[in-house]
Amino acid sequence: MDPLSAFTDPLFRLPLAAGAVAAAVLPLLGALLRLREEWLAALGLAHIAAGGALAGMGLGVPAVASGPAAAGVAAALKTFAAARGNTAYAVMILLGWSATLVLAANTPLGESLAHAMVDGQLYFAGWPELGGLLGFAAVTLAALPWLMHRLIRARFFPEHERANGLPAWRWHLAFDLLVAAGMALGTATVGLMGAFALAFLPPWAAFRVAPGWRAALMLAAGMGLGAYLLAFLAAMAWDQPFGPILVGGLLAVTGAVAMAPGWQSRSG
Amino acid sequence: MAEATLNAAGRTGAAAPGPREPGMLVAAHDLVVGYERPVLGPVSFGVAPGEVVGIWGPNGVGKSTLLKGVAGTARVHAGRLERSAELRLAYQGQQPVRLAEMPFRGREYLAYLDAQHAEPPARLAGWLDRRVDRLSGGQFQLLTVWACLASGADLVLLDEPSNNLDPQSVELLTDLLRTPEGHGAVLLVSHEWAFLDAACDRRLEVSPWTP
């Protein structure tokens, strides 16, 4: 097919737009996760979202609702249990993986649905997914300046909150819920590994080469969006599954940026 | 420099809130601090606005625990600690958080830490457009001290701020502390007598808790 028809065909406009929103916003949350050394959160919450979405579909609840609900409950439980760090997310990965496969084996059409959840079902994304992602993006972009300030201060001066009696749990929970919503909606559109790769790889490269924080955020979002558009085009042109192509594209783009000679000295 | 050696026989009793001593940001009365068990005290002292007070004692005596007690992150086992509810604290621990990758320019780092209540001194200006993870350990430590001093806090708590600094950096740190404009009172911990002598208005010598 004509590669450009991937961008112009009305059939693909909604999927293209939904994925683009996820590709631009998930790297921003991924940058904060990396700063908190909690990047495994992206994979843990994506697994829980996949399991929750599959359970929801078995009960007749749309994946775009059940996935975020499951991930949100997991994130809230983690916050209230004060389980900071990657151990809680590793448990989520194992729990989500186990639940997804068990549900797949015991649900009508479960296997194909589980496959779609892991690989991504971008081409079936419609208004529910796009609407959910636009709402998530609007909330994230509105909350992030306020939230980021507090999260960064808490990261670098961890005693500050307790010394000043600040209700820090509110912004830690708000961030965890944002990540849960983003990873769940991302998993429902670009797939489990695609959503994880968007939250992990662009921040990884941006942290290596960006001269500052604002530049790191812009670079991460730019790499996410750029790699996504390339992957969308390539998957359509060569009739390939989208999820693996997206992950491969992100690996190529972020690897090239991170390893580009001269970046390190320029940013020093 | 005035000096006070404040230690007495240990005693038991619960910490109790009390009226704040006039003119003091914090005031400790026979304070015993620790974690599961008492570590240091009893000790009595106060910090007035604008003062730079140094806590001195040998390694392991519990100086950092006393600072944490003032910050509210260590347990008060006995005595009384008076602290205004409106008191705004800045606290730098013994090991400032320094990640392997911190893609923040110096001025971004200061801005996110609200350190905008005073202009950075000229000697820090050269670091403001560099990534903080590319600064030397000493430069980064001085930047974190400045972040606390310029945060607008009423009381700045610094735990061993001169650790790992070369003599020139200790001199710059002393200058930052001795320049009262732009920062509140300071309560700091150090085991370096000469630094405390040069940087502080008063020194408290503390000893471990004895039951």
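Two strands pair if DSSP finds at least two bridges between them. Helices (H or I, at least four residues) and strands (E, at least two) are DSSP runs, numbered from the N terminus. The model is predicted: local features need pLDDT of at least 70, side-chain atom pairs count only at pLDDT 80 or more, and totals for chains, interfaces and linings use all residues. Residues are numbered from 1 along each chain as its sequence is written, and chains are lettered from A and ligands numbered from 1 in the order in which they are written.

**View 1. Strand E7 of chain B and its two partners.** Strand E6 (residues 89-92) of chain B pairs with E7(B) in the parallel sense over four bridges. In that pairing, B:Gln92 stands opposite B:Leu158 in E7(B). E7(B) also runs parallel to strand E8 (residues 185-190) of chain B, joined by five bridges. Here B:Asp159 stands opposite B:Val189 in E8(B).

**View 2. Burial of strand E7 of chain B.** E7 (residues 155-159) is mostly covered, with five of its five residues buried. A residue is buried if 20 or more other C-beta atoms, placed from the backbone, lie within 10 Å of its own; 12 or fewer make it exposed, and in between it is partly exposed. One side of E7(B) holds B:Leu155, B:Leu157 and B:Asp159, the other B:Val156 and B:Leu158, and all are buried. Across the 211 residues of chain B, 45% count as buried. Chain B comes to six helices and nine strands.

**View 3. Helices H3 and H10 of chain A.** H3 (residues 40-58) and H10 (residues 192-209) of chain A pack at an angle of about 155°, with axes 9 Å apart. H3(A) is therefore roughly antiparallel to H10(A), a term for angles over 145 degrees. Axes are lines fitted to C-alpha atoms, for helices over the stretch in contact, and angles run from 0 to 180 degrees between N-to-C directions. From H3(A), A:Ala42, A:Leu43, A:Ala46, A:His47 and A:Ala50 meet A:Leu192, A:Ala195, A:Phe196, A:Ala199 and A:Phe200 of H10(A). The residues of this contact divide into nine nonpolar, one polar and no charged. Ala, Val, Leu, Ile, Met, Phe, Trp, Tyr, Cys and Pro count as nonpolar, Asp, Glu, Lys and Arg as charged, and the others, Gly among them, as polar.

**View 4. Chain A against chain B.** 22 residues of chain A are in contact with 18 residues of chain B; contact puts their C-beta atoms, placed from the backbone, within 7 Å. H7(A) gives the most to the side of chain A that touches chain B, with five residues.

Technical notes: Parallel < 35°, antiparallel > 145°, perpendicular 65-115°, else oblique. Contact = placed C-beta atoms within 7 Å.
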